[in-house]
Amino acid sequence: MSMAPVKLWDFHGGIHPEQNKLQSTTEPSALAQLPKKLVLPLHQHIGEAAEPIVEIGDTVLKGQKIANANGYVSAPVHAPTSGKIIDISEHPIPHPSGLSALAIVIEPDGRDAWVEYTPDQDYSEKNPSHLRNIIREAGIVGLGGAGFPSFIKLNPGSQKKIKTLILNGVECEPYITCDDMLMREDAHSIIEGVHIMRHALQAEECVIAIEDNKPEAYESICKAAAGIAGLRVALVPTRYPQGSEKQLVQVITGKEVPSNGLALHIGVVCHNVATAAAIYRAIHLGQPLISRMVTITGQAVKQPRNLEVLIGTPMDELLQQCGAEFDQIERLVMGGPMMGFALHEINLPVIKTTNCIIAATREELGLDRPAMPCIRCGACADVCPVKLLPQQLYWHARAKELDKVQEYDLFDCIECGCCSYVCPSNIPLVQYYRFAKGAIWTQEQEHKKSDQARERHEFRLMRIEREKREREAKRAKKKAPRPKTDTAKPPPVDGAQMADKMRQEAMAQRDSAEAARKTEIQAALARVQAKKKDAAPKTDAPVAANSPTPAAASTQASTPTSDSDSSADTATHKDHEQSQ
Amino acid sequence: MLTAILVLSALSLVFGLILGFAAVRFKVEGDPLVEQIDAQLPQTQCGQCGYPGCRPYAEAIANEGAEINQCPPGGEVTIIALADLLDREPLPLNPENGAIKPKTVAFIDEQTCIGCTLCIQACPVDAILGAAKQMHTIIESECTGCDLCLPPCPVDCIEMVEIKQDMLTWKWPYPEKPIAQKSTPDNPLEASA
């Protein structure tokens with residue numbers, strides 16, 4: 001390396017769990033076999049689920065878009081191979097809940113025929129927003145595990161200047177080696193991706209961070225990055241959770257990401273190395289994100305290794321390819337042992353964020369140790385990389401004191417699991433924090449809903465009260481003698497004297513005519529009254545008097561501010577008259 | 001002796017005036033405690049607590065010493081919040097008021113509905129849309145799942161449908177109770193449940 005080594009900083013806490021990475025790096029990566037069917041969930045990323053644009057029975061080509069992004073924070077889904085759409089329905093997905101979600105199922109035709117695509121190598125001529133659009137359309141999301149749509153993180157915003165782009169090749173979690181393998185085997189794609197990212201962000205410099213337990217990957221990246229201005233490779237001492245964005249930013253720049261803030265706020269953007277490679281493929285080759293590197297490991301797997309897997313491939317087929325002993329699998333974990341989650345089924349599809357599948361045996365998990373009471377040793381606080389007080393959080397989360405956990409900055413917790421790892425009492429601390437976070441979100445939503453309900457209820461009470469008053473007023477009016485037509489005329493309210501004068505003249509003219517007309521009107525009135533007397537027993541008020549008139553209620557329901565009660569009232573009257 | 005009496009009388013007069021002025025000037029309209037309690041209640045207006053709505057229940061808690069464990073829709077979270085607010089001991093939910101049920105919304109079978117408007121009159125939050133002899137329907141986003149529209153319906157065309165969990169609404173559950181801590185509960189809710 002021609003450039004000076006990157007000065008490194010420190011972050012608080014952290015742990016050194018057993019690596020378990022060697023098992024899956026003894027062999028080079030291989031292509032996964034084409035499965036019998038591919039299941040593509042529409043929600044593989046953070047944000048809104050994609051919307052399908054194909055129908056059952058359609059034939060699709062490899063790389064063809066089959067679902068559109070729905071909203072800004074969303075990502076489209078593409079067909080990983082050519083074939084036929086055989087189903088669009090709910091399928092179990094890899095998610096801690098074990099729930100099902102809408103997915104498109106493709107039956108491969110074996111031809112693996114690509115859709116027509118246009119490689120575009122002159123990205124440096126292109127506007128960054130144009131590049132972001134291509135990346136968005138390629139369905140690229142953060143491949144490190146979170147799955148946040150990448151194009152958003154390539155948008156520096158209007159006023160922010162991006163100083164450092166950090167490329168995360170740390171891969172600090174045990175067992176996972178997919179980024180390691182990718183850096184060893186395809187450093188070229190990563191470096192090309194870095195160029196595109198730097199162009200999109202207009203970032204001053206780029207640092208690729210690799211932990212020192214991956215010397216081969218470091219060498220390979222260094223070779224590919226040699227001689228590129230403003231690009232440095234940092235070999236960082238291995239420590240978990242260094243690969244977490246906020247901790248890595250601190251290690252590389254010495255700056256702490258503010259609480260409730262983003263790295264972007266301090267001029268830093270962090271992307272995973274695999275995302276860079278995917279961006280390279282999207283821009284240079286025109287290929288969307290349809291496959292990724294996945295580590296298949298765990299003691300139940302005989303030949304643990306990395307596979308280049310089509311998105312949507314069922315995991316059991318991958319396990320089979322790596323010689324898994326299915327009866328030995330005690331638990332199937334997606335992600336690493338620290339932050340991953342247990343899967344409920346064995347045949348779930350690989351999604352964009354599946355970096356690792358661990359088929360763990362019983363002895364590997366250490367499940368037999370029961371949780372004991374907290375002894376307040378404080379070991380958790382020593383290792384917390386965010387400098388929280390995990391035991392305080394634990395007590396309050398356990399007692400469901402949701403406001404107290406927030407006082408202890410629960411939402412700064414990155415759920416890395418260091419505290420649970422060192423806990424001598426084996427308390428599942430992170431589970432309590434996750435529960436508390438979810439409960440707080442639920443509570444906030446419910447508060448919003450209950451405020452709305454209270455408003456509507458109070459408005460309803462007010463409306464019923466008002467209707468009652470109006471009915472009483474109406475009844476009182478009916479009882480009172482009818483005012484004569486003449487006196488009912490309003491006095492001139494208009495200030496303009498001209499108008500007054502003109503009106504008076506007009507009235508004088510009319511007076512003579514009116515005398516003649518009056519007799520006519522009176523006769524007409526008498527006729528109407530006679531008619532009304534006939535119909536009176538039927539059409540009189542009981543319907544309206546009953547209580548909130550249905551039509552009024554419904555108008556109120558849809559537009560709480562509307563004031564059309566009286567008109568709705570008469571409308572119902574008519575309804576009833578007609579029906580009788 | 002006389003000076004002391006005079007000074008003290010003067011002081012008490014001055015303070016009396018200040019207090020009297022403050023009582024008028026800073027008079028609190030309404031009962032803020034009732035507002036605070038009401039803010040914690042789920043506003044389903046279902047009446048399961050035995051009072052005709054959330055606000056009457058809040059008033060009863062504040063003024064008549066009603067228990068804080070009579071709100072099934074609010075569940076444990078509401079009880080803890082009320083206990084915290086009123087500095088009372090949290091109690092388990094009173095089973096007489098009903099059990100905690102999953103969240104639901106009403107659904108009207110529009111084929112069966114005869115358009116009688118009885119449910120519209122029963123709905124405390126005006127979440128039912130319709131008119132006489134017209135088909136009624138639920139405004140799902142406004143429905144609080146209070147069940148109050150069920151009894152008046154003459155043709156039983158309303159059904160409470162459980163709100164389905166999806167990936168966006170799913171939340172991590174409370175961790176299973178660790179075995180070793182069963183004997184030393186520090187959470188009164190767990191203890192009595």
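Helix 2 of chain B and helix 4 of chain B are roughly antiparallel to each other, a relation that can be read in this predicted model from the way the two helices pack. Helix 2 covers residues 32–40 of chain B and helix 4 covers residues 75–86 of chain B, and they meet at an angle of about 160° with their axes 9 Å apart. Because angles over 145 degrees count as roughly antiparallel, the pair falls into that class. The crossing of helix 2 of chain B and helix 4 of chain B is right-handed. On the side of helix 2 of chain B the contact is made by B:Gln36, B:Ile37 and B:Gln40, while helix 4 of chain B brings B:Thr78, B:Ala81, B:Leu82 and B:Leu85 to it. Sorted by class, this contact between helix 2 of chain B and helix 4 of chain B holds 4 nonpolar and 3 polar residues, with no charged residues.

Chain B has 6 helices and 4 strands, and, starting at the N terminus, its elements follow the order α-α-α-α-β-α-β-β-β-α. Chain B is divided into domain 1, residues 32–97, and domain 2, residues 102–165, and the C-alpha centres of these two domains of chain B lie 25 Å apart. The contact between them takes 5 residues from domain 1 of chain B and 7 residues from domain 2 of chain B. On the side of domain 1 of chain B that touches domain 2 of chain B there are 1 nonpolar and 4 polar residues, and no charged residues. As for overall extent, chain B has a radius of gyration of 25 Å, whereas a compact globule of 193 residues would have one near 16 Å. Taken along the principal axes, the C-alpha atoms of chain B fill a box of roughly 90 × 60 × 30 Å.

Chain A is likewise described by its domains, with domain 1 spanning 22–291 and domain 2 spanning 372–481. The C-alpha centres of domain 1 of chain A and domain 2 of chain A lie 34 Å apart, and 6 residues of domain 1 of chain A are in contact with 6 residues of domain 2 of chain A. The residues on the domain 1 side of this contact in chain A divide into 2 nonpolar, 3 polar and 1 charged.

Another helix pair is found in chain A, where helix 3 (residues 178–185) and helix 7 (residues 273–285) pack at an angle of about 50°, with their axes 9 Å apart. That angle makes helix 3 of chain A oblique to helix 7 of chain A, and helix 3 of chain A passes helix 7 of chain A in a left-handed crossing. Here A:Cys178, A:Asp179, A:Leu182 and A:Met183 of helix 3 of chain A meet A:Val273, A:Ala274 and A:Ala277 of helix 7 of chain A. By class, the contact of helix 3 of chain A with helix 7 of chain A has 6 nonpolar residues, no polar residues and 1 charged residue.

Two details of the backbone of chain A remain. Most residues other than glycine have a negative phi, and most peptide bonds are trans. The peptide bond from A:Tyr240 to A:Pro241, however, is cis, with omega near 0°, and A:Pro241 sits in the loop between strand 11 (231–236) and helix 6 (245–253) of chain A. A:Asn426, a residue other than glycine, has a positive phi, near 55°, and its place is in the loop between helix 13 (418–422) and helix 14 (429–479) of chain A.

Terms used
Residues numbered from 1 in each chain as written. Chains lettered and ligands numbered in written order. Predicted model: local features only at pLDDT ≥ 70, side-chain atom pairs only at ≥ 80, totals over all residues. Domains from an automatic or database assignment. Contact = placed C-beta atoms within 7 Å. Nonpolar A, V, L, I, M, F, W, Y, C, P; charged D, E, K, R; others polar. Axes fitted to C-alpha atoms, helices over the stretch in contact; angles between N-to-C directions. Parallel < 35°, antiparallel > 145°, perpendicular 65-115°, else oblique. Left-handed = near helix turned anticlockwise from the far one by under 90°. Rg over C-alpha atoms; globule rule 2.2 N^0.38 Å.
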